Amino acid sequence: MAHGLLKGKRGIISGALNEQSIAWKVAELAHAEGASIVLTNAPVAMRMGEINKLAEAIKAPVIGADATKDEDLEKLFTESKQHLGGQIDFVLHSIGMSPNVRKGRTYDDLNYEWYKQTLDISAMSFHRMLQASKKTDSLAEWSSVVALSYIAAQRVFPGYGDMADAKALLESIGRSWGYYLGMEKKVRVNTVSQSPTMTTAGSGIKGFGGFYGFAQEMSPLGNASAEACANYCITLFSDLTKYVTMQNLFHDGGFSSSGVTPQVMAHFSKEE
Ligand SMILES: NC(=O)c1ccc[n+]([C@@H]2O[C@H](COP(=O)([O-])OP(=O)(O)OC[C@H]3O[C@@H](n4cnc5c(N)ncnc54)[C@H](O)[C@@H]3O)[C@@H](O)[C@H]2O)c1
């Protein structure tokens, strides 16, 4: 049920690759809540064509931008403002990719050129995005920016490889920009640390099924779905959370605060 939480707001949503993408769900929900949206993704992802289905359904243009290219990002903000008819009220950064993880290079055997790409695509792109928004004076006062993270920023999850470092950097970038943009024009910046979710990026992680099942059994509420994550993002874009900023917010069914659960213990208990 829609509540009109984003009525009249203008937003940019990155990272909708296919129906499983978290960004896809956020875009659908933001539209249902009354927002006007511009979708963006890397030109290579756009060629796969699925994003056009979403664009049509929510009447949003798609502006291609490689998130590692400053000129693409500046163009994205300039054209989005033109299309939407004013400054931007919310931005979703939903971008992640590690060539090392993709090609099976473990944390103790990284290819450093790929490592740089991981950090550039998955973390520095968030900095670039916000710097481009500042250069083009694109964010409205009291606007809200969210990037998606994962708990491997704080704890070791073998298999997540160099993405762990990218997420730690992403969360730090969110805090820092939260300060600068908050002081400048009351913009809030947060990262949402989401449960393992069955998407293209998620299932690219070696042993993802294990991650997913372990988190499911360790979380009192179970894993949060992509739809649930979208709901949470909408609250952060809405005016109901105007003083939440510079936070890494766990959206994980309680996983991050759980020590152990009976379900997990059962796997080790001799009486079973
Ligand atoms: N799936 C999970 O388990 C999970 C858990 C926590 C956080 N996250 C994070 O959520 C975000 C979205 O991932 P998802 O799970 O929806 O998967 P996804 O594969 O659907 O989305 C990743 C997106 O990043 C885009 N991208 C890659 N390189 C890019 C570039 N150079 N420029 C612009 N866009 C680029 C891809 O095209 C894709 O749309 C990522 O930051 C991911 O790390 C995912």
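Residues are numbered from 1 along each chain as its sequence is written. In this predicted model, local features need pLDDT of at least 70 and side-chain atom pairs count only at pLDDT 80 or more, while totals for chains, interfaces and linings use all residues.

Start with helix α6, residues 112–135. Helices here are DSSP runs of H or I with at least four residues, strands are runs of E with at least two, and both are numbered from the N terminus. Helix α6 bends by about 50 degrees at Met 124; the bend is the angle between axes fitted to the seven residues ending at a residue and the seven starting there. Buried residues of α6 include Thr 118, Ser 122, Phe 126 and Leu 130. A residue is buried if 20 or more other C-beta atoms, placed from the backbone, lie within 10 Å of its own, exposed if 12 or fewer, and partly exposed in between. An α-helix has 3.6 residues a turn, so residues three or four places apart point the same way.

Among the partners that the buried residues of α6 pack against are β5 (139–149) and α7 (163–185). The axes of α6 and α7 come within 8 Å and cross at roughly 5 degrees. Axes are lines fitted to C-alpha atoms, for helices over the stretch in contact, with angles from 0 to 180 degrees between N-to-C directions. The two helices, α6 and α7, are therefore roughly parallel to each other, a label for angles under 35 degrees. On the α6 side, the residues that meet α7 include Leu 119, Ala 123 and Phe 126; on the α7 side they include Leu 169, Ile 173 and Trp 177. Contact means C-beta atoms, placed from the backbone, within 7 Å.

After α6 comes Asp 137, in the loop between α6 and β5. Asp 137 has a positive phi of about 45 degrees although it is not a glycine. Asp 137 is exposed, with 11 other C-beta atoms within 10 Å. Met 246, in the loop between α10 (226–237) and β7 (248–251), is also not a glycine and has a positive phi of about 60 degrees. Met 246 is partly exposed, with 16 C-beta neighbours inside 10 Å.

Ala 147 stands opposite Thr 191 in β6. In strand β6 (residues 188–194), seven of seven residues are buried. Val 192 is among those on one side, and Val 189 among those on the other.

Note on methods:
Two residues are in contact if their C-beta atoms, placed from the backbone, lie within 7 Å. Angles under 35 degrees count as roughly parallel, over 145 as roughly antiparallel, 65 to 115 as roughly perpendicular and the rest as oblique. Two strands pair if DSSP finds at least two bridges between them.
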